[in-house]
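Colleague: I would like a close look at one part of this model, then a connected account of what surrounds that part. Please give the cut-offs as you go.

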Amino acid sequence: MVEETDVIVVGAGLSGLVAATEIADAGKRVMVVDQEGEQSLGGQAFWSFGGLFLVDSPEQRRLGIKDSYELAMQDWLGTAGFDRDEDFWPRQWAEAYVAFAAGEKRGWLRAMGHRFFPVVGWAERGGYDAMGHGNSVPRFHVTWGTGPGIVEPFERRAREAMKTGRLIFRFRHRVDALSVTNGTVDGVSGVVLAPDDAERGKSSSRNVVGDFALKAQAVIVASGGIGGNHELVRQNWPKRLGEPPKFMISGVPEHVDGRMIGITEKTGARLINRDRMWHYVEGIQNWNPIWPRHGIRILPGPSSMWFDATGTRLPAPLFPGSDTLGQLKYITSTGYDYSWFILTQSIIKKEFALSGSEQNPDLTGKSWRMTLRRATNKGAPAPVEAFKSHGVDFIVRDKLDELVAAMNKLAGSDLLKLEHIRMQIEARDREIANPYVKDAQVMNIHNARRYIGDKLIRTASPHRILDPAHGPLIAVKLNILTRKTLGGFETDLDSRVFGEEGRVIPGLYAVGEAAGFGGGGVHGYRSLEGTFLGGCLFSGRNAGRAAAKAVG
Ligand SMILES: Cc1cc2nc3c(=O)[nH]c(=O)nc-3n(C[C@H](O)[C@H](O)[C@H](O)COP(=O)(O)OP(=O)(O)OC[C@H]3O[C@@H](n4cnc5c(N)ncnc54)[C@H](O)[C@@H]3O)c2cc1C
C-alpha cells in the first residue's frame, strides 16, 4: 500500500526541518525522508559554526557598529555581481533575504530560544571599493551553541509535531525518483537502506533492504548541494576560477552527494547557475577525520602572511579573510593547488578559529568559563593546539631557515627560496614601527583593531613576524576545501520550482542548498558569509508556509 500525506520533504537537514515544522505547525501532515539515520538529523547544519548574517542587530549596536538595510544591500549586490537573465529570481530573493536579516530573523529565532555569542565576527572584508565585494561592517553572528544550537529549536518543534502525528520521519529512505501525474509532482519513490548505527557524519552503508513509495499533494526538495561529490564539483567547475584543483579536501559529509539534484532535474525542474560555487582556500586536513577526505576551514584573522606555492606573497587585497573566490582564482592561476600561511604563536593564539561545531567545544557546549579562556589563555584554543601538534599541514620551528626547509620537505619540492621569503617578511616587518604605513595588509590590521570585537578576540597586536618574543614561527599548508553550491533550482519567493518553459511545476518546491539557498542562487557569484544557514531558514520557512496553504 502506498502511504499518503499532505507534503513530503526530502532531506532532514536544516532547510528540510524548517519547512517541515512550518507545515506541521500550520496543521498539515508532513513526512520527512532522509537517506541517513536518525543520528544524522540536522545534516550539515549540525557540523556548522552556526554563523548567521544579521543586519543592524542589537549585538552590532552594542559594539558600536552602524549597519542598515541600504548598506547591507550595497554589500550584497557588490558581492553577488548579478549579471545574467537567470538572476531575475535570485535578485528578488536577495532583496527579500536582506530585509529578513534586517528585520524578523532575529526575533523569530529568539522566540524559539535561540541566542547569539555577543561578539560579532567580520567575515569577507573585501578590500576593493565601497561598491565592491565584502562586508563593510561585521555581521557574522555566531550561535551560542554553534551548529547544534541552530538545529535544536527546529528539532524540538519537529519532535513536538511527531507527538500529534502531524510529522513523521522516515530515516534510511533514499529517494530515487519523483512521481509526476498530469504534470503535478505528487510523490516520491526509492529504496530503504539497511539500518546502520554509524556515528553522525560518518559514511553509512548503501545496502538496500526494500523499496517504498509515498504520495502527497506537494514535495519539497531539501537535499543539500554537491560539495561531497568531487567529481560533480570538477564537472561544474567554472573556467573563470582556473583549472579544477587536482587535490581537494571535503568540508562536508559524504551525504552531500548531489544525487537528488539530478533526480529532480528529470521532472523538468530548471537548474540554474550550476557553475557558481563557494569553496575555501584555507583548508587543513583533519588529523581526526569524521567523513572521507575531511578538511577543516581556518577562519583566519588578518595578520598571517600568505604565500603561494612558489613563495610569493599573495597580492593586495588578497589578505586572510578578504575575498574567498579572489584567493581561489589567484591560487589556481599559479598552477598549484595549495598555498601557505606563515605566522607566529601570538597570531595563531588570537586569530585562528576553526569552522565546525566539534572544533569549538567552548561555544558548542555553551560554556562561558571555557569561552573566556580565548581571551586569557597563553596558548591557542585546545583544538587549534591539537592541529598544531598533530595536523599534517602544520610546521612549527624557531628559525626561518628551518621553517622553510621543512615547508619544502612537506611540499616535496624546492620551490621555496629562503632569501625570497625572508626579504618579503623583513620588508613587511619594517612597516610595523609606524601606525600609518604603506603595506595594505598592515593597514588592514590597524583598521581591524579599531573594531572592539576584533581587538578583543580576533586580531593580534601588530608585531614583527621575525620577533622571537612572538615565536615560534608556524607555517600552515593550505588546501582547497569543497563546501557550498551557490546555484540550484530556480524558484519564486514561495520556493515553487520553475520548469524549462518558465512555468511553475505544480507540487514541486526546493529549499536550502538545493535551491542555491533561495531562487536558484541568492548569492550570485559570492557570499558575505553566515548567509547559508540563514538561506536555509528563510527558504525553508517560505516553502513550508506556502506549501501548507497550497495543500488546502
Ligand atoms: C563544517 C561546516 C561549517 C559551516 N558553517 C556555516 C556557518 O557558520 N554559517 C553558514 O551560514 N553556513 C555554514 N555552513 C553551511 C551550512 O551548514 C549548510 O549549507 C546548510 O546546513 C545546508 O543545509 P541543507 O538543509 O540545504 O542541506 P543538508 O544539510 O546537506 O541536508 C540535506 C539532507 O538531505 C538528505 N538527502 C540528500 N539526498 C537524498 C535522497 N536522495 N533521499 C533522501 N535524503 C536525501 C541528506 O542525507 C541530508 O540529510 C557550514 C557547513 C559545514 C559543513
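Modeller: The lining of the second largest pocket holds six nonpolar, four polar and four charged residues. Nonpolar means Ala, Val, Leu, Ile, Met, Phe, Trp, Tyr, Cys and Pro; charged means Asp, Glu, Lys and Arg; the others, Gly among them, are polar. The model is predicted: local features need pLDDT of at least 70 and side-chain atom pairs count only at pLDDT 80 or more, while totals for chains, interfaces and linings use all residues. Numbering runs from 1 along each chain as its sequence is written, and side-chain values use heavy atoms, without hydrogens or water.

The space in this second largest pocket is about 200 Å³. A pocket is an open set of points on a 1 Å grid over the protein atoms alone, with protein on both sides within 12 Å along at least five of seven lines; a cavity is a set where a 1.4 Å probe fits but cannot get out; lining residues have an atom within 4 Å of a point. Volume is the space filled by probe spheres set on points joined across faces, edges and corners.

Which residues lie nearest the centre of the second largest pocket? They are Asp362, Met370, Arg373, Pro381 and Ala382, out of 14 lining residues. Three helices, α12 (361-364), α13 (368-376) and α14 (382-390), each supply at least two residues of that lining. The largest share, three residues, comes from α13. Helices (H or I, at least four residues) and strands (E, at least two) are DSSP runs, numbered from the N terminus.

Now the domains. The chain is divided into domain 1 (3-223 + 486-550) and domain 2 (279-481). These bounds come from an automatic or database domain assignment. Taken over C-alpha atoms, the centres of domain 1 and domain 2 are 32 Å apart. Their contact (heavy atoms within 4.5 Å) takes 33 residues from domain 1 and 35 residues from domain 2.

Next, the largest pocket. It lies between domain 1 and domain 2, because both give residues to its lining. Its volume is about 330 Å³. In total, 24 residues line the largest pocket. Trp122, Arg125, Gly126, Gly127 and Asn135 lie nearest its centre. Helix α17 (residues 440-448) gives the largest share of this lining, five residues. By class, the lining of the largest pocket has 10 nonpolar, 11 polar and three charged residues.

Of its 28 lining residues, Phe49, Gly121, Leu299, Ala353 and Arg458 lie nearest the centre. Helices and strands both take part: β5 (140-142), β14 (295-300), α11 (345-351), β17 (352-354) and α18 (452-457) each supply at least two residues. The lining of the second largest cavity divides into 16 nonpolar, two polar and 10 charged residues.

Last, some backbone details. Ala316 and Pro317 are joined by a cis peptide bond, with omega about 0°. Pro317 sits in the loop between β15 (305-308) and α10 (324-333). The bond from Gly471 to Pro472 is cis, with omega near 0°. Pro472 is placed in the loop between α18 and β19 (473-485). Recall that α18 is one of the elements that supply at least two residues to the lining of the second largest cavity. Thr146 is not a glycine, yet its phi is positive, about 45°. Thr146 belongs to helix α7 (residues 146-163).
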